[in-house]
Amino acid sequence: MSAHQQKILDEIQALMTDLFDEYDGKVGMTTTAEDIEQWDSLANVQLMVRLEQRFKIKFTAAEITSLAHVGELVTLIGGKLPA
Amino acid sequence: MIPNDFPKLQSLATRQSAVFPSHEKYLRKRFEATTPEGFAFAEKLAHTVEMLVGDGMDTHLADYRWLCEMVVDEEIAFRRTGEYRLSTFEQAEREVYADRVFMTRYMNGLLMSQLWWRNHTEVMGYYQSIYLGKLKSGFRHLEIGPGHGLFLGLAADAPGCATATGWDVSPASIAMTQHALGVLKPKKTVHLELVNMFSAPSGMFDSIVFSEVLEHLEKPAEALDAIMRLLAKDGLAFINAPVNSPAPDHLALFRAPEEIVDLVRTAGFEIVDTLFAPTSGTTLESARKRAMAISTAVIARKTT
């Protein structure tokens with residue numbers, strides 16, 4: 001993982017720790033919604049909108065609802081940020 | 001997920017998951033902390049929903065999926081702006097109420113949500129066990145906006161009910177409630193009428209239910225004033241509305257349950273009891289912290 005990706009992952013981890021306050025496991029690249037009880041479709045919207053605000057980017061509705069795991073999210077955000 | 005003792009509920013949940021596989025985790029969470037009494041109530045409700053739906057269950061299960069996906073779209077807009085998307089009745093009329101196909105799917109989905117959204121089921125249980133239990137024998141009952149008819153049917157079946165009436169401003173909604181009551185067959189005959197609550201005579205009822213209507217109004221305080229006027233002295237009102245719950249026709253945004261309670265108190269009611277029911281799979285504390293949906297039911301008395 002590049003330093004850039006690691007930085008994005010760190011930000012995602014921080015937001016997820018705050019939002020999914022009943023989850024005390026580790027958030028990594030392979031973490032999925034199945035791993036975190038609180039990560040349902042509505043909580044996912046909250047997470048994605050907070051990420052939009054944090055990184056000053058915009059997701060499409062399809063991007064918000066179709067992510068498979070955190071690693072995909074890291075890649076998606078990385079692709080929307082200036083190189 | 002659902003014990004074998006509750007076969008109708010179990011069967012419906014299995015069918016719902018088949019139609020909406022990504023919802024299976026949600027349904028598991030929704031029932032994970034359910035008590036035996038809660039399962040028994042939901043089983044009875046599943047039976048009632050099956051009766052109402054008849055041979056249209058597949059359509060209802062698909063419409064529930066459609067509703068949930070639409071709510072996610074509304075949630076995206078809500079979280080980005082901090083506001084509900086619509087603010088006027090005219091907008092809701094144009095986008096939702098005037099579209100018959102949309103309305104049918106919406107109402108079908110909402111009927112299923114009585115089972116699948118824990119807060120909806122919890123409010124219905126509270127209404128039956130607490131609110132109806134507080135009404136004095138011989139009560140004259142009114143529900144404004146009775147919709148799916150489940151609340152009105154329960155009131156008309158209550159032993160102390162003298163008269164039961166439902167009002168709506170939409171002929172299509174009245175027809176839907178009529179169909180439901182025809183299936184439920186409560187003990188008391190229910191009078192369904194096209195009436196505007198703001199122009200009806202005063203002091204006619206001992207019990208008024210206003211469930212999931214407040215959030216559809218531009219000026220909810222005016223509706224509470226009207227309910228106060230329609231109630232007889234010592235009459236009770238059951239007011240139920242959600243906080244932080246974006247939907248295609250929700251106009252009035254309440255950000256905390258206390259906002260709704262305060263609105264009822266400001267209209268001149270004495271607050272008798274409240275229920276704050278958070279959305280499925282979360283605690284009240286967590287729902288408050290994350291600004292998630294909380295159904296807020298208020299039992300209020302007119303004391304003057």
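## A walk through chains A and B

Helices (H or I, at least four residues) and strands (E, at least two) are DSSP runs, numbered from the N terminus. This is a predicted model, in which local features need pLDDT of at least 70 and side-chain atom pairs count only at pLDDT 80 or more, while totals for chains, interfaces and linings use all residues. Residues are numbered from 1 along each chain as its sequence is written, and chains are lettered from A and ligands numbered from 1 in the order in which they are written.

Is B:Val213 buried or exposed? B:Val213 is buried, because 20 other C-beta atoms lie within 10 Å. The cut-offs are these: a residue is buried with 20 or more other C-beta atoms within 10 Å of its own, exposed with 12 or fewer, and partly exposed in between, with C-beta atoms placed from the backbone. Leaving aside neighbours within four places in sequence, B:Val213 is in contact with B:Ile144 and B:Gly145. Here, contact means that the C-beta atoms of two residues, placed from the backbone, lie within 7 Å. B:Met228 is 15 residues from B:Val213 in sequence, and the two are 16 Å apart in space, C-alpha to C-alpha.

Now to the nonpolar cores. In soluble globular proteins, nonpolar side chains tend to be buried together. A nonpolar core here is a set of buried Ala, Val, Leu, Ile, Met, Phe, Trp, Tyr and Cys residues joined through C-beta atoms within 7 Å. The largest such core has 106 residues, and those with the most contacts inside it are B:Ala155, B:Ile208, B:Phe210, B:Ile227, B:Ala237, B:Ile239 and B:Val264. Take B:Ile227 as a way in: beyond its neighbours within four places in sequence, B:Ile227 is in contact with B:Ile208, B:Phe210 and B:Ala237. A second, separate core has five residues, among them B:Tyr84, B:Leu86, B:Ala92 and B:Leu251.

B:Asp234, in strand S5 (residues 231-243) of chain B, has a positive phi of about 70 degrees although it is not a glycine. B:Asp234 counts as exposed because it has 12 C-beta neighbours inside 10 Å. B:Ala291 also is not a glycine and has a positive phi, near 55 degrees. The place of B:Ala291 is the loop between helix H12 (284-289) and strand S7 (294-301) of chain B. With 15 other C-beta atoms within 10 Å, B:Ala291 is partly exposed.

Next comes a pair of helices within chain B. Two packed helices are described by the angle between their axes and the distance between the axes. Helix H6 (residues 100-116) and helix H7 (residues 118-134) of chain B have axes that come within 5 Å and cross at roughly 80 degrees. The axes are lines fitted to C-alpha atoms, for helices over the stretch in contact, and angles run from 0 to 180 degrees between N-to-C directions. H6(B) and H7(B) are therefore roughly perpendicular to each other; angles under 35 degrees count as roughly parallel, over 145 as roughly antiparallel, 65 to 115 as roughly perpendicular and the rest as oblique. Which residues meet where H6(B) and H7(B) are in contact? B:Ser113, B:Gln114 and B:Leu115 in H6(B) meet B:His120, B:Thr121 and B:Met124 in H7(B). By class, this contact has two nonpolar, four polar and no charged residues. Ala, Val, Leu, Ile, Met, Phe, Trp, Tyr, Cys and Pro count as nonpolar, Asp, Glu, Lys and Arg as charged, and the others, Gly among them, as polar.

Finally, consider how the two chains meet. In chain B, 14 residues are in contact with 15 residues of chain A. Helix H2 (24-32) and helix H4 (57-81) of chain B are the elements that give two or more residues to this side of chain B, and H4(B) provides the largest share, six residues. By class, the side of chain B that touches chain A has four nonpolar, three polar and seven charged residues.
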